[in-house]
Amino acid sequence: MKQIAPSILSADFSQLTEEIQKVEEAGADLIHLDVMDGHFVPNLTFGPPVIASIRKVTRLPFDVHLMIEKPERSIQAFVDAGSDFITVHAEAEIHLNRTIAFIKEKGLKAGVSINPATPLCLIEEIIRDIDLLMIMSVNPGFGGQIFIQNILEKIKKARNLIDEKAPDVLLEVDGGVNLENIRSLKEAGIDIFVAGSAVFKNKDYKQTIQSMKKILNDD
Ligand code: DX5
Ligand code: ZN
């Protein structure tokens with residue numbers, strides 16, 4: 001089933017509980033949590049304490065996107081905070097295999113993300129070991145950026161790689177997803193659609209999420 005994962009990066013942080021509950025009521029499938037360290041990306045957001053406190057306000061799974069250097073040092077804290085998926089960047093991790101194995105040992109779903117300039121072949125040897133592959137369609141660090149059009153080709157290649165080698169792996173796209181491009185992303189083979197500004201910048205979250213779902217469920 002195709003899933004929508006609103007990114008709270010574009011939510012009103014002073015009203016986080018309400019914002020999360022509103023997107024849950026609007027039909028969100030996952031909550032996407034963007035963790036930034038000011039090193040791997042030029043921005044800072046939040047870490048395990050915030051995730052642990054919002055864990056109480058929703059039943060939706062947490063899709064935690066770690067845009068941090070040396071993520072292996074902090075995985076345990078994100079496990080304890082109540083993550084369901086933990087995704088690390090291939091560019092940030094030298095011993096990717098070990099970190100993925102660690103996340104899975106903890107009983108969580110393990111994901112790998114790659115930046116727009118990173119070739120897909122970087123994750124080829126690990127595709128059978130992961131639960132989720134996240135393709136960045138903007139340079140990570142900020143919400144509200146424009147979808148990089150040529151990433152569509154990489155997504156199609158990723159779909160083929162998954163179908164051929166690891167059909168259970170979920171394919172996720174992150175960055176610049178909106179009502180205009182979601183159909184082409186669906187056709188390219190995406191399973192999970194992260195949407196930050198497209199959801200939170202329009203007051204009627206339900207209208208946006210349901211319109212997205214309508215496109216995803218159209219034949
Ligand atoms: C970018 C983040 C994204 C971002 C998406 O660094 O990883 O998850 O919040 O926001 P939009 O949908 O506005 O591009
Ligand atoms: Zn993200």
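Colleague: Where is the place of Ile148 in this structure?
Modeller: This is a predicted model. Strand β6 covers 132–136 and helix α5 covers 151–165. The place of Ile148 is the loop between β6 and α5.

Colleague: Is Ile148 buried, partly exposed or exposed?
Modeller: The relative accessible area of Ile148 is 26%. Buried would need a value under 20% and exposed one over 50%. Ile148 is therefore partly exposed.

Colleague: Which residues does Ile148 touch, not counting residues up to four places away in sequence?
Modeller: Contact here means heavy atoms within 4.5 Å. With residues up to four places away in sequence not counted, Ile148 touches Pro116, Ser137, Val138 and Asn139.

Colleague: What distance separates the C-alpha atoms of Ile148 and Glu187?
Modeller: Along the chain, Ile148 and Glu187 are 39 residues apart.

Colleague: Which residues coordinate the zinc ion (ligand 2)?
Modeller: The donor atoms include NE2 of one histidine and ND1 of another, and OD atoms of aspartates, at 2.0 to 2.3 Å. Along the chain the donors follow the spacing H-x1-D-x30-H-x108-D. The coordinating residues are His32, Asp34, His65 and Asp174.

Colleague: What is the arrangement of the 6 donor atoms around the zinc ion (ligand 2)?
Modeller: The 6 donor atoms subtend angles of 70 to 170°. Six donors count as octahedral if opposite donors are over 155 degrees apart and all others between 65 and 115. The angles around the zinc ion (ligand 2) therefore make the arrangement octahedral.

Colleague: How many residues apart in sequence are the parts that the pair His32 and His65 ties together?
Modeller: His32 lies in strand β2 (residues 31–36). His65 lies in strand β3 (residues 62–67). The pair therefore ties together parts whose separation in sequence is 33 residues.

Colleague: Is His32 buried or exposed?
Modeller: Buried means under 20% relative accessible area. His32 has a relative accessible area of 0%, and His65 counts as buried at 0%. His32 is therefore buried.

Colleague: How are helices α1 and α8 oriented to each other?
Modeller: Helix α1 (residues 16–25) and helix α8 (residues 205–217) pack with their axes 8 Å apart, at an angle of about 40°. Angles under 35 degrees would count as roughly parallel, and 65 to 115 as roughly perpendicular. The two helices α1 and α8 are therefore oblique.

Colleague: Is the crossing of α1 and α8 left-handed or right-handed?
Modeller: On the α1 side the contact is made by Glu19, Lys22, Val23 and Glu25. On the α8 side it is made by Tyr205, Lys206 and Ile209. The crossing of α1 and α8 is right-handed.

Colleague: How far apart in space are Gln21 and Thr58, C-alpha to C-alpha?
Modeller: Gln21 is in helix α1 and is partly exposed, with a relative accessible area of 32%. In sequence, Gln21 and Thr58 are 37 residues apart. C-alpha to C-alpha, the distance between Gln21 and Thr58 is 6.5 Å.

Colleague: Which residues does Asp129 touch, not counting residues up to four places away in sequence?
Modeller: Asp129 is found in the loop between β5 (109–114) and β6. At 30% relative accessibility, Asp129 counts as partly exposed. Leaving out residues up to four places away in sequence, Asp129 touches Asn97, Ile100 and Lys104.

Colleague: What is the phi of Lys70?
Modeller: Most residues other than glycine have a negative phi. Lys70 lies in the loop between β3 and α3 (75–80). Although Lys70 is not a glycine, its phi is positive, at about 45°.

Note on methods. Residues numbered from 1 in each chain as written. Chains lettered and ligands numbered in written order. Predicted model: local features only at pLDDT ≥ 70, side-chain atom pairs only at ≥ 80, totals over all residues. Heavy atoms only, no water. Donors = N, O, S within 2.8 Å, 3.2 Å for Na, K, Ca; no water. Tetrahedral: all angles 85-135°; square planar, octahedral: opposite > 155°, others 65-115°. Helix = DSSP H or I, 4+ residues; strand = E, 2+ residues; numbered from the N terminus. Buried < 20%, exposed > 50% of the residue type's maximum accessible area, 1.4 Å probe, protein only. Axes fitted to C-alpha atoms, helices over the stretch in contact; angles between N-to-C directions. Parallel < 35°, antiparallel > 145°, perpendicular 65-115°, else oblique. Left-handed = near helix turned anticlockwise from the far one by under 90°.
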